[in-house]
Amino acid sequence: MNSLKVLIVDDSPIISRKLTMMVELLGYKVVKTAATGTEAIAAYRACLPDVVTMDITMPDMDGIEVAARLQETHAIPVIYLTAYSEDSTLERARRA
């Protein structure tokens, strides 16, 4: 059985580890983790995952910008995981 390939993008090592554990417990395969937007774009190109979990706040570029850049070349499902609840941030995420 082929399992869903997941790329986890979060600048917190603790969150990345927890998400990896949860995703793998659900039977999916974490193909890579990334802590910055730049790493996320490179990881996506190297692994071509089926879905990306994306933090919004990261050091070099936010997750919304990363998702928009990925969408320029690939239609990839992105699941945002964030503590942000501002309407403007949520709307930007929906558009990306």
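Colleague: At what relative accessibility does S16 count as buried?
Modeller: This is a predicted model, and the figure is computed from it. S16 lies in helix α1, residues 13-25. Buried means under 20% relative accessible area. S16 counts as buried because its relative accessibility is 9%.

Colleague: Which residues does S16 touch, not counting residues up to four places away in sequence?
Modeller: Neighbours up to four places away in sequence are set aside here. What remains for S16 is a pair of contacts, I8 and D10.

Colleague: Is D10 buried or exposed?
Modeller: D10 is found in the loop between β1 and α1. Its relative accessibility is 7%, and the cut-off for buried is under 20%. D10 therefore counts as buried.

Colleague: Which residues is D10 in contact with, leaving aside its neighbours within four places in sequence?
Modeller: S16 is one of them.

Colleague: How far apart in space are D10 and I56, C-alpha to C-alpha?
Modeller: In sequence, D10 and I56 are 46 residues apart. In space, their C-alpha to C-alpha distance is 8.1 Å.

Colleague: Which element gives the most to the largest nonpolar core?
Modeller: This core has 14 residues, and L7, V9, Y44, V52, M54, V66 and L70 touch the most other members. β1, α2 (37-47), β3 and α3 (63-73) each supply at least two residues of the core. With four residues, the top contributor is α2.

Colleague: Which residues does L70 touch, not counting residues up to four places away in sequence?
Modeller: L70 is among the core residues that touch the most other members. Beyond four places in sequence, L70 touches I41, Y44, M54 and I76.

Colleague: Which element supplies the largest share of the lining of the largest pocket?
Modeller: The largest pocket has a volume of about 160 Å³, and its lining includes V6, L19, M22, V23 and V51. By class, the lining has nine nonpolar, one polar and no charged residues. Both α1 and β3 (51-54) supply at least two lining residues each. The largest share, three residues, comes from α1.

Colleague: Where in the protein chain is confidence lowest?
Modeller: The chain averages a pLDDT of 88, and 84% of the residues score at least 70. Confidence is highest in strand β1 (residues 5-9), at 98. At the other end, with a mean of 65, is helix α4 (residues 87-95).

Definitions and conventions
Residues are numbered from 1 along each chain as its sequence is written. This is a predicted model: local features need pLDDT of at least 70, side-chain atom pairs count only at pLDDT 80 or more; totals for chains, interfaces and linings use all residues. Side-chain values use heavy atoms; hydrogens and water are left out. Buried means under 20% relative accessible area, exposed over 50%, partly exposed in between (1.4 Å probe, protein chains only). Contact means heavy atoms within 4.5 Å. On a 1 Å grid over the protein atoms alone, a cavity is a set of points where a 1.4 Å probe fits but cannot get out, and a pocket is an open set with protein on both sides within 12 Å along at least five of seven lines; lining residues have an atom within 4 Å of a point. Grid points are joined across faces, edges and corners, and a volume is the space filled by probe spheres set on the points. Ala, Val, Leu, Ile, Met, Phe, Trp, Tyr, Cys and Pro count as nonpolar, Asp, Glu, Lys and Arg as charged, and the others, Gly among them, as polar. pLDDT is the predictor's confidence in each residue, from 0 to 100. A nonpolar core is a set of buried Ala, Val, Leu, Ile, Met, Phe, Trp, Tyr and Cys residues joined through side-chain atoms within 4.5 Å.
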